Amino acid sequence: MIVVAGEALIDLVPQGAGALADLKPALGGGPYNTAVALGRLGSPTAFCSRVSGDAFGEALLDGLRRAGVDVSGVQRGGEPTTLAVATVGADGSAAYSFYVEGTADRLFEAPAELPAGVRAMSFGTCSLVLEPGASAYEKLLRTAAAEGVFTALDPNIRAGLIPDPDAYRERFRGWLPSVSLLKLSAEDARWLGGTPREWLAAGPSAVVITHGGDGLTAYAADGAEYSVPGETTEVVDTIGAGDTVNAALLHGLAALGALDAAALAGLGSAGWTRLLRFAARAAAVTCARAGAEPPYASEVGEL
């Protein structure tokens, strides 16, 4: 089982131009989207989070269940659901404003033990920023790594939520010894500073950087680099595209039997190319439709 840990929230997506355009609520949150994408691709998946007991929270859990995701480990709270107001640019790129004070997911507590049967855990986005939950997720990341679980991290930077960028960058570097696979966008890489080689030296077995429509590049611990172009598609918006890449990488690594450092090191050119092309196809499907709607296995074909 792959366990995704992090926030679930509601994206309010504009349905037209201008600041006062109608807003349509959509299920979202980087970790949430990753879990749904994994479930749709067919990976046994569980979600680890704290979700409100309000109507939005119930809708979020229903979305996970429809994707086949195990929600038995989700904590519940009486606080409201986090809201993210999206702004979609002319090129389909999305920016967000967040309403996070006093919301349920911020009060996540690390479980006493890891879920049974966990092979990999995925972390990232707002859940590693907003306290007190951020410290709890950080504790869970370190526990998983210490117990030999494959860990994936997508920082998915939301700069407006980070009051002290330098402190966050230092904290990010502190997570790297506990990370097996680091995935981030080129924009996030520039914001964080450093290089893939520097990050690899700190702990991860591989780093994958996404370049939007220009594709993906993987950096392996042995110094090799592997790149694939993006898939051609008519972009509606990019909401959830990076989360879909997270899921496709983890799903693909599981299929290749590479959810450990030794197997990851042995993927080589053929393995990495297959994996990155699969992730590019999956992301293209998400970009071709509005909101975070990751593909089902039948829409992306075989790895």
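Predicted model: local features only at pLDDT ≥ 70, side-chain atom pairs only at ≥ 80, totals over all residues.

Numbering starts from 1 along each chain as its sequence is written, and side-chain values use heavy atoms, with hydrogens and water left out.

Start with Ser185, Glu187, Thr238, Ala241 and Gly242. Of the 49 residues lining the largest pocket, these are the closest to its centre. A pocket here is an open set of points on a 1 Å grid over the protein atoms alone, where a 1.4 Å probe fits, with protein on both sides within 12 Å along at least five of seven lines; lining residues have an atom within 4 Å of a point. The volume is about 1,200 Å³. Elements supplying at least two lining residues each include strand E2 (9–14), helix H1 (30–41) and helix H9 (268–287).

Next, select Ala26, Ala290, Gly291, Ala292 and Glu293, the closest to the centre of the second largest pocket among its 23 lining residues. That pocket has a volume of about 430 Å³. E2 and H1 turn up here too, along with strand E3 (23–28) and helix H2 (55–66), each giving at least two lining residues.

Last stop: helix H3, residues 133–146. Colour its buried residues (under 20% relative accessible area, 1.4 Å probe, protein chains only), among them Tyr137, Glu138 and Leu141. Just after H3, find Gly148, with a positive phi of about 85 degrees.

Note on methods. Points joined across faces, edges and corners; volume = space filled by probe spheres on them. Helix = DSSP H or I, 4+ residues; strand = E, 2+ residues; numbered from the N terminus. Expected span 1.5 Å × (residues − 1). Buried < 20%, exposed > 50% of the residue type's maximum accessible area, 1.4 Å probe, protein only.
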